[in-house]
Amino acid sequence: MFKSKRGIYQTRRPFPKPLAILLSIPVALIVLEILLRILTAITGFSDELAGYEAERKIVTAYRLKFLNQAQVPYDGLSNRGSLIAQGNELLGYKLAKNQQSDFWRINEQGFRADEPVALQKPPGEIRIFVLGGAAAFGYLSLNNQTTLAGQLEQRLNQQTGKQQPNSEKTPSENEQGDTSASSVPIRQGQYRVINAGVPGYTSGNEAVQLALDILAYKPDLILVLNGYEDLMLPSTQQGADIPGVQTFLQNASTHFSASVTQGWQNWITQSYLLKGVQYWILRPHEAPLKNYANQLSLVADNSVLPPAKHLAGDTEELQRRVGRYRHHLQQMARLTAAANVPLIVAVQPEITGRGQNNPIPDEREILDQLGKSYAQGVEAGFSQLGAVVKDVEREFPKNVTALNLYNFYADFRDPAFQDAVHLSDVANTELANRLSESVSKALQTQTKPQN
(Lines give C-alpha, C1' and ligand atoms only; values in the text may rest on other atoms or scores of the structure.)
Protein backbone atom coordinates (compact mmCIF):
# COMPACT_ATOMS: atom_id res chain seq x y z
CA MET A 1 0.00 0.00 0.00
CA PHE A 2 2.77 2.43 0.81
CA LYS A 3 5.87 3.27 -1.26
CA SER A 4 9.14 3.07 0.62
CA LYS A 5 11.29 6.14 1.15
CA ARG A 6 14.05 4.35 -0.63
CA GLY A 7 11.90 4.07 -3.71
CA ILE A 8 11.20 7.79 -3.69
CA TYR A 9 14.87 8.66 -3.49
CA GLN A 10 15.69 6.22 -6.29
CA THR A 11 13.27 7.94 -8.68
CA ARG A 12 14.73 11.50 -8.12
CA ARG A 13 16.47 12.79 -11.26
CA PRO A 14 20.17 13.65 -10.98
CA PHE A 15 21.33 17.31 -11.12
CA PRO A 16 22.04 18.25 -14.78
CA LYS A 17 25.79 18.29 -15.38
CA PRO A 18 25.85 21.26 -17.85
CA LEU A 19 23.99 23.43 -15.37
CA ALA A 20 26.32 22.40 -12.56
CA ILE A 21 29.33 23.32 -14.69
CA LEU A 22 27.76 26.65 -15.61
CA LEU A 23 27.12 27.52 -11.95
CA SER A 24 30.61 26.47 -10.93
CA ILE A 25 32.31 28.95 -13.31
CA PRO A 26 31.49 32.16 -11.37
CA VAL A 27 32.36 30.39 -8.11
CA ALA A 28 35.75 29.40 -9.51
CA LEU A 29 36.39 32.93 -10.79
CA ILE A 30 35.55 34.40 -7.40
CA VAL A 31 37.91 31.95 -5.69
CA LEU A 32 40.70 32.77 -8.15
CA GLU A 33 40.09 36.50 -7.63
CA ILE A 34 40.39 36.13 -3.86
CA LEU A 35 43.52 33.98 -4.13
CA LEU A 36 45.18 36.44 -6.53
CA ARG A 37 44.43 39.38 -4.22
CA ILE A 38 45.93 37.49 -1.28
CA LEU A 39 48.99 36.50 -3.30
CA THR A 40 49.66 40.04 -4.56
CA ALA A 41 49.22 41.42 -1.04
CA ILE A 42 51.79 38.96 0.32
CA THR A 43 54.30 39.73 -2.46
CA GLY A 44 53.79 43.49 -2.19
CA PHE A 45 52.49 43.77 -5.76
CA SER A 46 48.94 44.74 -4.79
CA ASP A 47 49.35 48.51 -5.26
CA GLU A 48 50.99 48.06 -8.66
CA LEU A 49 48.19 45.83 -9.93
CA ALA A 50 45.45 47.99 -8.40
CA GLY A 51 46.65 51.04 -10.34
CA TYR A 52 47.26 49.13 -13.55
CA GLU A 53 45.06 50.25 -16.45
CA ALA A 54 46.23 47.87 -19.19
CA GLU A 55 48.15 50.59 -21.03
CA ARG A 56 51.42 52.50 -20.90
CA LYS A 57 51.99 54.06 -17.49
CA ILE A 58 52.47 57.52 -18.99
CA VAL A 59 49.15 57.20 -20.84
CA THR A 60 47.31 56.39 -17.60
CA ALA A 61 49.05 59.28 -15.84
CA TYR A 62 47.90 61.81 -18.46
CA ARG A 63 44.40 60.45 -19.05
CA LEU A 64 41.78 62.86 -17.68
CA LYS A 65 39.54 61.58 -14.89
CA PHE A 66 36.47 63.77 -14.35
CA LEU A 67 35.29 63.82 -10.74
CA ASN A 68 32.46 65.70 -9.08
CA GLN A 69 32.77 67.66 -5.83
CA ALA A 70 32.32 64.43 -3.86
CA GLN A 71 35.41 63.03 -5.68
CA VAL A 72 33.23 60.48 -7.50
CA PRO A 73 33.33 59.94 -11.29
CA TYR A 74 30.39 61.33 -13.23
CA ASP A 75 27.77 58.78 -14.25
CA GLY A 76 28.58 57.26 -17.60
CA LEU A 77 32.23 58.32 -17.57
CA SER A 78 35.20 56.04 -17.15
CA ASN A 79 37.06 55.75 -13.86
CA ARG A 80 40.38 55.37 -15.67
CA GLY A 81 43.19 57.92 -15.59
CA SER A 82 45.15 59.89 -13.00
CA LEU A 83 44.88 63.55 -14.04
CA ILE A 84 41.85 64.74 -12.08
CA ALA A 85 39.58 67.47 -13.46
CA GLN A 86 36.50 68.84 -11.71
CA GLY A 87 33.44 70.60 -13.09
CA ASN A 88 33.29 74.39 -13.10
CA GLU A 89 30.23 76.43 -14.06
CA LEU A 90 32.17 79.07 -16.02
CA LEU A 91 35.16 77.14 -17.34
CA GLY A 92 33.52 73.79 -17.96
CA TYR A 93 36.15 72.07 -15.85
CA LYS A 94 39.44 72.82 -14.12
CA LEU A 95 42.38 70.71 -13.04
CA ALA A 96 42.17 69.73 -9.39
CA LYS A 97 44.72 71.42 -7.14
CA ASN A 98 47.66 69.74 -5.40
CA GLN A 99 47.98 66.52 -7.36
CA GLN A 100 51.00 64.77 -8.81
CA SER A 101 52.24 61.68 -10.63
CA ASP A 102 55.60 60.39 -11.81
CA PHE A 103 55.30 62.71 -14.84
CA TRP A 104 53.58 65.92 -13.69
CA ARG A 105 52.81 68.06 -10.67
CA ILE A 106 49.84 70.44 -10.29
CA ASN A 107 50.31 73.18 -7.69
CA GLU A 108 47.83 74.69 -5.24
CA GLN A 109 46.57 77.16 -7.85
CA GLY A 110 45.79 74.40 -10.37
CA PHE A 111 48.73 75.25 -12.66
CA ARG A 112 51.30 72.75 -13.85
CA ALA A 113 54.15 73.96 -11.66
CA ASP A 114 56.33 72.56 -8.87
CA GLU A 115 55.86 75.64 -6.70
CA PRO A 116 52.85 77.86 -5.91
CA VAL A 117 52.33 81.16 -7.73
CA ALA A 118 51.76 84.14 -5.45
CA LEU A 119 49.31 86.84 -6.45
CA GLN A 120 51.87 89.43 -5.37
CA LYS A 121 54.67 89.30 -7.92
CA PRO A 122 58.18 89.36 -6.40
CA PRO A 123 60.42 92.33 -7.35
CA GLY A 124 62.35 91.71 -10.54
CA GLU A 125 60.19 88.79 -11.67
CA ILE A 126 59.02 88.79 -15.28
CA ARG A 127 55.92 86.64 -15.28
CA ILE A 128 54.71 84.84 -18.42
CA PHE A 129 51.64 82.62 -18.62
CA VAL A 130 51.24 79.88 -21.22
CA LEU A 131 47.60 79.12 -22.08
CA GLY A 132 46.17 76.45 -24.34
CA GLY A 133 45.05 72.86 -24.51
CA ALA A 134 46.97 69.62 -24.21
CA ALA A 135 49.92 70.72 -26.37
CA ALA A 136 50.48 73.81 -24.20
CA PHE A 137 50.05 71.68 -21.07
CA GLY A 138 52.79 69.34 -22.25
CA TYR A 139 50.73 66.18 -22.69
CA LEU A 140 52.97 63.08 -22.50
CA SER A 141 56.06 65.09 -21.44
CA LEU A 142 58.36 63.30 -19.02
CA ASN A 143 58.11 66.00 -16.34
CA ASN A 144 57.25 69.66 -15.75
CA GLN A 145 60.67 70.85 -16.86
CA THR A 146 60.49 69.24 -20.33
CA THR A 147 57.23 70.98 -21.27
CA LEU A 148 57.19 74.05 -23.50
CA ALA A 149 56.72 76.31 -20.46
CA GLY A 150 59.54 74.66 -18.52
CA GLN A 151 62.00 74.86 -21.38
CA LEU A 152 60.98 78.40 -22.34
CA GLU A 153 61.68 79.57 -18.78
CA GLN A 154 65.09 77.95 -18.84
CA ARG A 155 65.87 79.45 -22.23
CA LEU A 156 64.85 83.00 -21.26
CA ASN A 157 66.89 82.95 -18.05
CA GLN A 158 69.90 81.64 -19.98
CA GLN A 159 69.59 84.59 -22.36
CA THR A 160 69.51 87.11 -19.51
CA GLY A 161 72.70 85.61 -18.10
CA LYS A 162 74.48 85.91 -21.43
CA GLN A 163 73.33 89.51 -21.77
CA GLN A 164 74.56 90.69 -18.35
CA PRO A 165 76.96 93.68 -18.55
CA ASN A 166 79.60 91.88 -16.48
CA SER A 167 79.46 88.78 -18.66
CA GLU A 168 82.87 87.48 -19.68
CA LYS A 169 81.84 87.62 -23.36
CA THR A 170 80.73 90.59 -25.37
CA PRO A 171 77.37 90.37 -27.20
CA SER A 172 79.15 89.90 -30.53
CA GLU A 173 81.26 87.10 -29.09
CA ASN A 174 78.12 85.43 -27.70
CA GLU A 175 76.48 85.51 -31.11
CA GLN A 176 79.57 84.07 -32.83
CA GLY A 177 80.45 81.46 -30.24
CA ASP A 178 76.95 80.27 -29.32
CA THR A 179 74.60 79.54 -32.19
CA SER A 180 71.68 79.22 -29.76
CA ALA A 181 72.02 82.79 -28.51
CA SER A 182 69.12 85.00 -29.50
CA SER A 183 69.85 88.09 -31.60
CA VAL A 184 66.93 89.91 -29.91
CA PRO A 185 67.83 91.89 -26.75
CA ILE A 186 65.95 90.60 -23.75
CA ARG A 187 64.57 92.51 -20.79
CA GLN A 188 66.63 91.85 -17.69
CA GLY A 189 64.99 90.12 -14.74
CA GLN A 190 64.11 86.70 -13.35
CA TYR A 191 61.77 84.97 -15.76
CA ARG A 192 58.94 82.76 -14.48
CA VAL A 193 56.95 80.92 -17.14
CA ILE A 194 53.77 79.45 -15.67
CA ASN A 195 52.04 76.58 -17.40
CA ALA A 196 48.29 77.30 -17.25
CA GLY A 197 47.44 74.94 -20.10
CA VAL A 198 44.57 72.50 -19.51
CA PRO A 199 44.13 69.37 -21.66
CA GLY A 200 41.10 69.70 -23.89
CA TYR A 201 40.69 73.48 -23.57
CA THR A 202 39.64 75.52 -26.60
CA SER A 203 39.88 79.26 -27.18
CA GLY A 204 36.52 79.71 -25.44
CA ASN A 205 37.81 78.14 -22.23
CA GLU A 206 41.03 80.12 -22.51
CA ALA A 207 39.26 83.47 -22.90
CA VAL A 208 37.27 82.86 -19.70
CA GLN A 209 40.35 81.53 -17.91
CA LEU A 210 42.31 84.65 -18.89
CA ALA A 211 39.64 86.98 -17.51
CA LEU A 212 38.88 85.06 -14.30
CA ASP A 213 42.15 83.41 -13.29
CA ILE A 214 45.19 84.79 -15.10
CA LEU A 215 45.07 88.59 -15.18
CA ALA A 216 44.87 88.73 -11.37
CA TYR A 217 48.48 87.45 -11.27
CA LYS A 218 49.73 90.56 -13.11
CA PRO A 219 51.42 88.80 -16.03
CA ASP A 220 53.99 90.60 -18.13
CA LEU A 221 53.06 88.55 -21.20
CA ILE A 222 50.48 85.97 -22.28
CA LEU A 223 51.38 83.20 -24.72
CA VAL A 224 48.48 81.22 -26.21
CA LEU A 225 49.16 78.01 -28.14
CA ASN A 226 45.96 76.55 -29.59
CA GLY A 227 43.86 75.80 -32.65
CA TYR A 228 43.46 72.03 -32.85
CA GLU A 229 40.74 71.64 -30.23
CA ASP A 230 38.82 74.55 -31.81
CA LEU A 231 38.71 72.73 -35.15
CA MET A 232 37.38 69.60 -33.46
CA LEU A 233 34.70 71.20 -31.27
CA PRO A 234 31.17 71.47 -32.77
CA SER A 235 30.02 75.03 -33.38
CA THR A 236 27.09 74.47 -31.01
CA GLN A 237 29.55 74.60 -28.08
CA GLN A 238 31.50 77.65 -26.95
CA GLY A 239 34.16 75.65 -25.12
CA ALA A 240 35.14 72.23 -23.86
CA ASP A 241 33.03 70.74 -21.09
CA ILE A 242 32.82 67.47 -19.18
CA PRO A 243 32.07 65.00 -21.98
CA GLY A 244 28.49 63.77 -22.26
CA VAL A 245 27.05 65.93 -19.49
CA GLN A 246 24.63 67.86 -21.71
CA THR A 247 23.48 64.66 -23.44
CA PHE A 248 22.77 62.99 -20.11
CA LEU A 249 20.84 66.00 -18.82
CA GLN A 250 18.61 65.98 -21.90
CA ASN A 251 18.04 62.23 -22.06
CA ALA A 252 17.36 60.45 -18.76
CA SER A 253 17.11 56.95 -20.29
CA THR A 254 20.48 57.35 -22.03
CA HIS A 255 21.98 58.59 -18.78
CA PHE A 256 20.65 55.62 -16.83
CA SER A 257 21.76 53.08 -19.43
CA ALA A 258 25.24 54.60 -19.70
CA SER A 259 25.70 54.76 -15.92
CA VAL A 260 24.69 51.10 -15.49
CA THR A 261 26.89 49.97 -18.37
CA GLN A 262 29.85 52.01 -17.17
CA GLY A 263 29.39 50.68 -13.63
CA TRP A 264 29.67 47.09 -14.86
CA GLN A 265 32.64 47.95 -17.05
CA ASN A 266 34.45 49.63 -14.14
CA TRP A 267 33.76 46.62 -11.93
CA ILE A 268 35.08 44.19 -14.52
CA THR A 269 38.17 46.23 -15.42
CA GLN A 270 39.12 46.49 -11.74
CA SER A 271 39.22 42.72 -11.37
CA TYR A 272 42.68 41.50 -10.36
CA LEU A 273 42.11 38.39 -12.45
CA LEU A 274 41.58 40.40 -15.62
CA LYS A 275 44.42 42.76 -14.77
CA GLY A 276 46.72 39.82 -14.08
CA VAL A 277 46.02 38.27 -17.49
CA GLN A 278 46.67 41.62 -19.15
CA TYR A 279 49.80 42.38 -17.13
CA TRP A 280 51.60 39.03 -17.34
CA ILE A 281 50.25 37.54 -20.58
CA LEU A 282 48.90 40.16 -23.00
CA ARG A 283 51.22 42.97 -21.78
CA PRO A 284 49.49 45.97 -23.48
CA HIS A 285 51.58 48.32 -21.32
CA GLU A 286 54.54 47.56 -23.57
CA ALA A 287 52.78 48.81 -26.71
CA PRO A 288 54.45 51.86 -28.36
CA LEU A 289 52.86 55.27 -27.90
CA LYS A 290 52.09 55.52 -31.61
CA ASN A 291 49.39 52.87 -31.11
CA TYR A 292 47.44 55.37 -28.98
CA ALA A 293 47.39 58.13 -31.62
CA ASN A 294 43.67 57.92 -32.37
CA GLN A 295 42.50 57.87 -28.77
CA LEU A 296 44.92 60.44 -27.29
CA SER A 297 44.78 63.18 -29.91
CA LEU A 298 41.48 64.34 -28.38
CA VAL A 299 42.15 63.99 -24.69
CA ALA A 300 38.81 65.22 -23.32
CA ASP A 301 36.63 63.15 -25.65
CA ASN A 302 34.58 60.30 -24.20
CA SER A 303 33.53 58.76 -27.52
CA VAL A 304 35.29 56.05 -29.49
CA LEU A 305 35.14 58.01 -32.75
CA PRO A 306 38.46 58.67 -34.52
CA PRO A 307 39.63 62.30 -34.83
CA ALA A 308 38.56 62.47 -38.50
CA LYS A 309 34.92 62.09 -37.40
CA HIS A 310 35.21 65.22 -35.23
CA LEU A 311 36.20 67.51 -38.08
CA ALA A 312 33.60 69.81 -39.64
CA GLY A 313 31.38 67.90 -42.03
CA ASP A 314 30.86 70.77 -44.47
CA THR A 315 32.17 74.23 -45.34
CA GLU A 316 29.46 76.04 -43.39
CA GLU A 317 30.26 74.21 -40.18
CA LEU A 318 33.96 74.88 -40.63
CA GLN A 319 33.25 78.59 -41.10
CA ARG A 320 31.22 78.64 -37.89
CA ARG A 321 34.06 77.01 -35.95
CA VAL A 322 36.64 79.38 -37.41
CA GLY A 323 34.37 82.36 -36.68
CA ARG A 324 34.04 81.26 -33.08
CA TYR A 325 37.83 81.05 -32.85
CA ARG A 326 38.17 84.58 -34.22
CA HIS A 327 35.65 85.92 -31.71
CA HIS A 328 37.47 84.38 -28.74
CA LEU A 329 40.87 85.64 -29.89
CA GLN A 330 39.42 89.13 -30.20
CA GLN A 331 38.12 88.84 -26.63
CA MET A 332 41.59 87.87 -25.39
CA ALA A 333 43.18 90.70 -27.36
CA ARG A 334 40.82 93.27 -25.82
CA LEU A 335 41.40 91.94 -22.30
CA THR A 336 45.19 92.01 -22.59
CA ALA A 337 45.22 95.39 -24.35
CA ALA A 338 43.21 96.91 -21.51
CA ALA A 339 45.71 95.49 -19.02
CA ASN A 340 48.69 96.56 -21.18
CA VAL A 341 49.91 92.98 -21.45
CA PRO A 342 51.45 91.74 -24.74
CA LEU A 343 49.67 88.75 -26.24
CA ILE A 344 51.30 86.15 -28.46
CA VAL A 345 48.79 83.93 -30.27
CA ALA A 346 50.35 80.88 -31.91
CA VAL A 347 48.52 78.36 -34.05
CA GLN A 348 49.97 75.12 -32.74
CA PRO A 349 52.01 72.62 -34.78
CA GLU A 350 50.23 69.51 -36.05
CA ILE A 351 51.56 66.31 -37.56
CA THR A 352 50.20 66.85 -41.08
CA GLY A 353 52.35 69.98 -41.20
CA ARG A 354 55.40 67.71 -41.41
CA GLY A 355 54.75 67.30 -45.14
CA GLN A 356 54.64 64.28 -47.41
CA ASN A 357 58.36 63.51 -47.13
CA ASN A 358 58.32 62.84 -43.40
CA PRO A 359 61.38 60.67 -42.65
CA ILE A 360 60.18 59.42 -39.23
CA PRO A 361 58.64 55.89 -39.47
CA ASP A 362 56.54 56.22 -36.29
CA GLU A 363 55.04 59.49 -37.50
CA ARG A 364 54.19 57.97 -40.88
CA GLU A 365 52.34 55.18 -39.05
CA ILE A 366 50.43 57.77 -36.99
CA LEU A 367 49.38 59.53 -40.19
CA ASP A 368 48.22 56.21 -41.62
CA GLN A 369 46.10 55.64 -38.51
CA LEU A 370 44.55 59.08 -38.80
CA GLY A 371 43.68 58.61 -42.47
CA LYS A 372 43.65 60.72 -45.64
CA SER A 373 40.32 62.41 -44.93
CA TYR A 374 41.72 63.58 -41.60
CA ALA A 375 44.81 65.08 -43.25
CA GLN A 376 42.73 66.92 -45.86
CA GLY A 377 40.31 68.33 -43.29
CA VAL A 378 43.05 69.45 -40.89
CA GLU A 379 45.09 71.14 -43.62
CA ALA A 380 42.05 73.13 -44.75
CA GLY A 381 41.15 74.07 -41.18
CA PHE A 382 44.64 75.15 -40.14
CA SER A 383 44.95 77.30 -43.23
CA GLN A 384 41.94 79.29 -42.06
CA LEU A 385 43.15 79.45 -38.45
CA GLY A 386 46.43 80.94 -39.66
CA ALA A 387 44.53 83.63 -41.55
CA VAL A 388 42.46 84.42 -38.44
CA VAL A 389 45.45 85.05 -36.16
CA LYS A 390 46.96 87.38 -38.77
CA ASP A 391 43.68 89.28 -38.98
CA VAL A 392 43.59 89.68 -35.19
CA GLU A 393 47.20 90.92 -35.24
CA ARG A 394 46.25 93.56 -37.81
CA GLU A 395 43.26 94.56 -35.69
CA PHE A 396 45.44 94.92 -32.55
CA PRO A 397 48.90 95.80 -33.94
CA LYS A 398 50.23 97.32 -30.70
CA ASN A 399 49.34 94.35 -28.55
CA VAL A 400 49.11 91.09 -30.51
CA THR A 401 51.83 89.00 -32.12
CA ALA A 402 50.51 86.29 -34.44
CA LEU A 403 52.43 83.10 -35.23
CA ASN A 404 51.39 80.22 -37.46
CA LEU A 405 53.43 77.21 -36.34
CA TYR A 406 51.47 74.57 -38.26
CA ASN A 407 54.48 73.78 -40.49
CA PHE A 408 57.09 74.55 -37.85
CA TYR A 409 58.55 71.01 -37.86
CA ALA A 410 58.48 70.53 -41.65
CA ASP A 411 62.29 70.23 -41.77
CA PHE A 412 62.86 68.91 -38.24
CA ARG A 413 64.99 65.75 -38.36
CA ASP A 414 64.07 64.27 -34.97
CA PRO A 415 60.72 62.73 -33.91
CA ALA A 416 58.41 65.65 -33.08
CA PHE A 417 54.94 64.16 -32.61
CA GLN A 418 53.72 61.42 -30.27
CA ASP A 419 50.25 61.55 -31.84
CA ALA A 420 48.48 64.17 -33.97
CA VAL A 421 49.43 67.19 -31.83
CA HIS A 422 51.35 66.24 -28.69
CA LEU A 423 55.03 67.00 -28.95
CA SER A 424 58.11 65.09 -27.91
CA ASP A 425 60.40 66.69 -25.34
CA VAL A 426 63.05 67.44 -27.97
CA ALA A 427 60.36 69.11 -30.10
CA ASN A 428 59.38 71.26 -27.11
CA THR A 429 63.01 72.37 -26.86
CA GLU A 430 63.02 73.48 -30.48
CA LEU A 431 59.72 75.31 -30.05
CA ALA A 432 60.92 77.05 -26.87
CA ASN A 433 63.99 78.34 -28.74
CA ARG A 434 61.75 79.78 -31.44
CA LEU A 435 59.25 81.35 -29.06
CA SER A 436 61.92 82.93 -26.87
CA GLU A 437 62.66 85.40 -29.67
CA SER A 438 58.97 86.29 -30.04
CA VAL A 439 58.72 86.78 -26.29
CA SER A 440 61.75 89.09 -26.26
CA LYS A 441 60.33 91.19 -29.09
CA ALA A 442 56.87 91.39 -27.55
CA LEU A 443 58.21 92.50 -24.17
CA GLN A 444 59.98 95.40 -25.86
CA THR A 445 56.59 96.81 -26.86
CA GLN A 446 55.26 96.78 -23.29
CA THR A 447 55.48 100.39 -22.14
CA LYS A 448 54.91 99.73 -18.46
CA PRO A 449 55.73 96.47 -16.64
CA GLN A 450 52.92 94.93 -14.58
CA ASN A 451 53.50 95.48 -10.85
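Let me start with one definition: a residue is buried under 20% relative accessible area, exposed over 50%, and partly exposed in between. Keep that in mind.

The model on the screen is predicted. The protein chain has 451 residues, and 47% of them are buried. There are 17 helices and ten strands. Now look at contacts between residues at least 6 apart in sequence. Of these, 75% join residues at least 24 apart.

Take Asn-340. It sits in the loop between helix H14 and strand E9, residues 343-347. Its relative accessibility is 29%, so Asn-340 counts as partly exposed. Its backbone deserves a look too. Phi of Asn-340 is near 60°, a positive value, and the residue is not a glycine.

Find Asn-98 in the loop between strand E3, 92-95, and strand E4, 99-100. Is Asn-98 buried or exposed? Its relative accessibility is 57%, so it counts as exposed.

Now back to H14 itself. Thr-336 lies in this helix. At 0% relative accessibility, Thr-336 counts as buried. What does Thr-336 touch, leaving out residues up to four places away in sequence? The list is Leu-210, Ile-222, Val-341, Leu-343 and Asn-399. Here is a pair to find on screen: Thr-336 and Leu-221. They are 115 residues apart along the chain, yet their C-alpha atoms are separated by 8.7 Å.

Next, helix packing. Two packed helices are described by the angle between their axes and the distance between the axes. Start with H14, residues 315-338, and H16, residues 372-395. Their axes come within 10 Å and cross at roughly 30°. How do we name that arrangement? Angles under 35 degrees count as roughly parallel. So H14 and H16 are roughly parallel to each other. Their crossing is right-handed. Which residues meet? From H14 they include Leu-318, Val-322, Tyr-325 and Leu-329. From H16 they include Leu-385, Val-388, Val-389 and Val-392. Taken as a whole, the residues of this contact divide into nine nonpolar, four polar and four charged.

Now a second pair: H6 and H17. H6 covers residues 148-162, and H17 covers residues 425-444. The axes come within 8 Å and cross at roughly 50°. That makes H6 oblique to H17. This crossing is right-handed. On the H6 side, the contact residues include Leu-148, Leu-152, Arg-155 and Leu-156. On the H17 side, look for Leu-431, Ala-432, Leu-435 and Val-439, among others. How does this contact divide by residue type? It has seven nonpolar, seven polar and two charged residues.

Last stop, still in H6. Thr-160 has its place in this helix. Thr-160 is buried, with a relative accessible area of 6%. Its side chain reaches the backbone oxygen of Asn-157 at 2.7 Å. Setting aside neighbours within four places in sequence, Thr-160 is in contact with Ile-186, Arg-187, Gln-188, Gly-189 and Tyr-191.

To recap the burial values: Thr-336 and Thr-160 are buried. Asn-340 is partly exposed, and Asn-98 is exposed.

How values were computed. Residues are numbered from 1 along each chain as its sequence is written. This is a predicted model: local features need pLDDT of at least 70, side-chain atom pairs count only at pLDDT 80 or more; totals for chains, interfaces and linings use all residues. Side-chain values use heavy atoms; hydrogens and water are left out. Axes are lines fitted to C-alpha atoms, for helices over the stretch in contact, and angles run from 0 to 180 degrees between N-to-C directions. Helices (H or I, at least four residues) and strands (E, at least two) are DSSP runs, numbered from the N terminus. Angles under 35 degrees count as roughly parallel, over 145 as roughly antiparallel, 65 to 115 as roughly perpendicular and the rest as oblique. A crossing is left-handed if the near helix is turned anticlockwise from the far one by less than a right angle, and right-handed if clockwise. Contact means heavy atoms within 4.5 Å. Ala, Val, Leu, Ile, Met, Phe, Trp, Tyr, Cys and Pro count as nonpolar, Asp, Glu, Lys and Arg as charged, and the others, Gly among them, as polar. Buried means under 20% relative accessible area, exposed over 50%, partly exposed in between (1.4 Å probe, protein chains only). A polar contact is a pair of N or O atoms within 3.5 Å; within protein, one must be able to donate a hydrogen and the other to accept it, and residues adjacent in sequence count only if both atoms are side-chain atoms.
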